[in-house]
Amino acid sequence: MEWIKTIFGEGQDLNCLQMSSRAVVTFFVTLLLIRIAGIRTFGKKSPFDNVIIILLGSVLSRAVVGASPYIPTIVACLAFVLVHWVLAWLSLYNERIGRWVKGEKASLYAKGTENQHNMRRSVSVKKTWRKASG
């Protein structure tokens with residue numbers, strides 16, 4: 001078991017070999033997590049999908065640099081991916097969940113004209129969010 005500590009290190013005091021080893025393993029773990037999440041994670045580019053991308057990147061980086069324990073970090077990322085997958089699956093079969101998770105599309109410009117109604121709606125949604133967040 002000492003060889004694992006030599007290759008992967010422990011804590012935040014990692015040398016080049018240890019951090020590189022963690023990076024290689026994390027790369028393959030990330031590929032596996034993305035395969036579990038499904039291809040839509042990178043295909044749709046919706047806010048719902050961007051959340052998982054940002055979370056995976058930020059949390060997995062902590063595992064590489066040793067800022068967080070490796071295995072619990074990977075398990076936390078698996079939890080993110082599973083929640084994403086379940087919500088995507090539920091939104092496929094439930095319109096209300098789909099609207100809540102993915103939002104609604106609003107055309108702002110079509111056939112050479114601006115859609116003033118949707119533009120005002122988009123701005124009022126932003127104002128509502130600002131008021132709600134403080």
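**Confidence**

I began with pLDDT, the predictor's confidence in each residue on a scale from 0 to 100. The protein chain averages 81, and 83% of the residues score at least 70. I noted that helix α7 (residues 116–133) has the lowest confidence, with a mean of 61. The highest is in α2, at 90. This is a predicted model, where local features need pLDDT of at least 70 and side-chain atom pairs count only at pLDDT 80 or more, while totals for chains, interfaces and linings use all residues. Residues are numbered from 1 along each chain as its sequence is written, and side-chain values use heavy atoms, with hydrogens and water left out.

**Layout**

I looked up the secondary structure next. Helices (H or I, at least four residues) and strands (E, at least two) are DSSP runs, numbered from the N terminus. The protein chain has 7 helices and 2 strands. From the N terminus the order is α-α-α-α-α-α-β-β-α.

I then checked contacts, meaning heavy atoms within 4.5 Å. Of the contacts in the protein chain with a separation of 6 or more, 51% join residues 24 or more positions apart.

**Surface and burial**

For accessible areas I used the Shrake-Rupley method with a 1.4 Å probe; for residues, only the protein chains shown count as cover. The accessible surface of the protein chain is about 9,900 Å². Carbon and sulfur atoms hold 66% of that surface.

I call a residue buried under 20% relative accessible area, exposed over 50%, and partly exposed in between (1.4 Å probe, protein chains only). The protein chain has 134 residues, and 25% of them count as buried.

**Core**

Which residues make up the largest nonpolar core? A nonpolar core is a set of buried Ala, Val, Leu, Ile, Met, Phe, Trp, Tyr and Cys residues joined through side-chain atoms within 4.5 Å. I found 12 residues in the largest one: V29, L33, A37, I52, L56, V59, L60, A63, Y70, I74, C77 and V81. The elements giving two or more residues to this core are α2 (16–37), α4 (47–65) and α5. The most come from α4, with 5 residues.

C77 touches L33, L56, V59 and L60, leaving out residues up to four places away in sequence. I52 sits in helix α4. I52 counts as buried because its relative accessibility is 3%. I also checked I52 against F80, 28 residues apart along the chain; their C-alpha atoms are separated by 6.9 Å.

**End of helix α5**

Is S91 buried or exposed? S91 lies in helix α5 (residues 70–93). Its relative accessibility is 8%, so S91 counts as buried. Beyond its neighbours within four places in sequence, S91 contacts I97, G98 and K102.

L92 is also in helix α5. L92 counts as exposed because its relative accessibility is 61%. I found L92 in a nonpolar surface patch of about 600 Å², along with W85, V86, W89 and Y93. Patches take residues with over 30% relative accessible area and no salt bridge: like charges are joined within 9 Å, nonpolar side chains (Val, Leu, Ile, Met, Phe, Trp, Tyr) within 5 Å.

**Salt bridge**

I searched the whole structure for salt bridges, each a side-chain nitrogen of Lys or Arg within 4 Å of a carboxyl oxygen of Asp or Glu. I got 1. The side chains of K5 and E10 form a salt bridge, at 3.6 Å from N to O. K5 counts as partly exposed, at 39% relative accessibility. E10 is exposed, at 56% relative accessible area.
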